[in-house]
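Subject: Structure handover

Hello,

Here is the structure I promised to pass on. Please open it next to this email and follow along.

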Amino acid sequence: MSYLVATDGSAESDEAVRYAARQAVAFYETLEIAHVLTPDSELVDGTIVLPGEEAAVDAGQSVLASARTIAEEAVGDESIDVETQLLTGRPADAIADYAADADVDAIYVGHRGLSEEREQVVGSVAKSVVDKADVPVTVIR
């Protein structure tokens, strides 16, 4: 059993990582931190393929490493089991699909709180994850 937190490296997702880490420690769960590479990325025979592939993967790994550090610092002296996942595709779909495949117990996402007009145009990853996920989703603002 585990908890999944999605991160894009933003301040809002950093807060979601902190919150999810504290929850994972409190309930003795593994924390899985996921970052989604977009756009036009795909998984081919287990290999991530996308334009500027090496730079994108390096940037994604950097986001995950930073999030791992944030999670570990959030729990202080407590022991936390952290795993990281680099995903590809549309963020909400990739997060919900991974959660279903990995049988996670809960998802945590940050939300930037865009204006209503802007969300209608670009949508909200957090709202889409809530709509698509089969497990409880906590949105951190």
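Below is what I found, starting with the whole chain and then moving to single elements and residues.

The average pLDDT of the chain is 88, and 83% of the residues score at least 70. Residues 118-122 are the stretch to watch: pLDDT there is below 50. Beyond near neighbours in sequence, that stretch has seven contacts in the model. Where pLDDT is low, predicted coordinates should not be read in detail.

**The whole chain**

You will find five helices and seven strands. Trace the chain along its sequence and the pattern is β-α-β-β-β-α-β-α-β-α-α-β. The chain has 141 residues, and 41% of them count as buried. Now take the contacts between residues at least 6 apart in sequence. Of these, 73% join residues at least 24 apart.

**Helix α2**

Start with α2, which runs over residues 53-74. It has 22 residues. From first C-alpha to last, α2 reaches 31 Å, close to the 32 Å expected at 1.5 Å a residue.

Which residues of α2 are buried? They are Val57, Gly60, Val63, Leu64, Ala67, Ile70 and Ala71. Look down the axis of α2: these buried residues fall within an arc of 145 degrees, so they line one face of the helix. An α-helix has 3.6 residues a turn, so residues three or four places apart point the same way. On the other side of α2, Glu54, Ala55 and Glu73 are exposed.

Alanine 65 also lies in α2. Its relative accessibility is 43%, so alanine 65 counts as partly exposed. Along the sequence, alanine 65 is 32 residues from isoleucine 33; in space, their C-alpha atoms are 9.5 Å apart.

Just after α2 comes glycine 76. Glycine 76 has a positive phi of about 60 degrees.

**Histidine 35**

Next, go to strand β2, residues 30-37, where histidine 35 sits. Is histidine 35 buried or exposed? Its relative accessible area is 10%, under the 20% cut-off, so histidine 35 is buried. Leave aside its neighbours within four places in sequence. Histidine 35 is then in contact with Thr7, Asp8, Gly60, Val63, Leu64, Gln85, Leu86 and Leu87. Gly60, Val63 and Leu64 are among the buried residues of α2.

**Alanine 106**

Alanine 106 is in strand β6, residues 106-110. At 10% relative accessibility, alanine 106 counts as buried. Which residues does alanine 106 touch, not counting those up to four places away in sequence? They are Ser2, Tyr3, Leu4, Val135 and Pro136. Take serine 2: it is 104 residues from alanine 106 along the chain, yet their C-alpha atoms are separated by 7.4 Å.

Last, look at α3 (residues 91-102) and α5 (residues 125-132). Two packed helices are described by the angle between their axes and the distance between the axes. Here the axes come within 9 Å and cross at roughly 40 degrees. The crossing of α3 and α5 is right-handed. On the α3 side, the contact is made by Pro91, Ala92, Asp93, Ile95 and Ala96. On the α5 side, Val125, Ser128, Val129 and Lys132 take part.

Best wishes

Definitions and conventions
Residues numbered from 1 in each chain as written. Predicted model: local features only at pLDDT ≥ 70, side-chain atom pairs only at ≥ 80, totals over all residues. Heavy atoms only, no water. pLDDT = per-residue confidence, 0-100. Contact = heavy atoms within 4.5 Å. Helix = DSSP H or I, 4+ residues; strand = E, 2+ residues; numbered from the N terminus. Expected span 1.5 Å × (residues − 1). Buried < 20%, exposed > 50% of the residue type's maximum accessible area, 1.4 Å probe, protein only. Arc of directions from axis to C-beta. Axes fitted to C-alpha atoms, helices over the stretch in contact; angles between N-to-C directions. Left-handed = near helix turned anticlockwise from the far one by under 90°.
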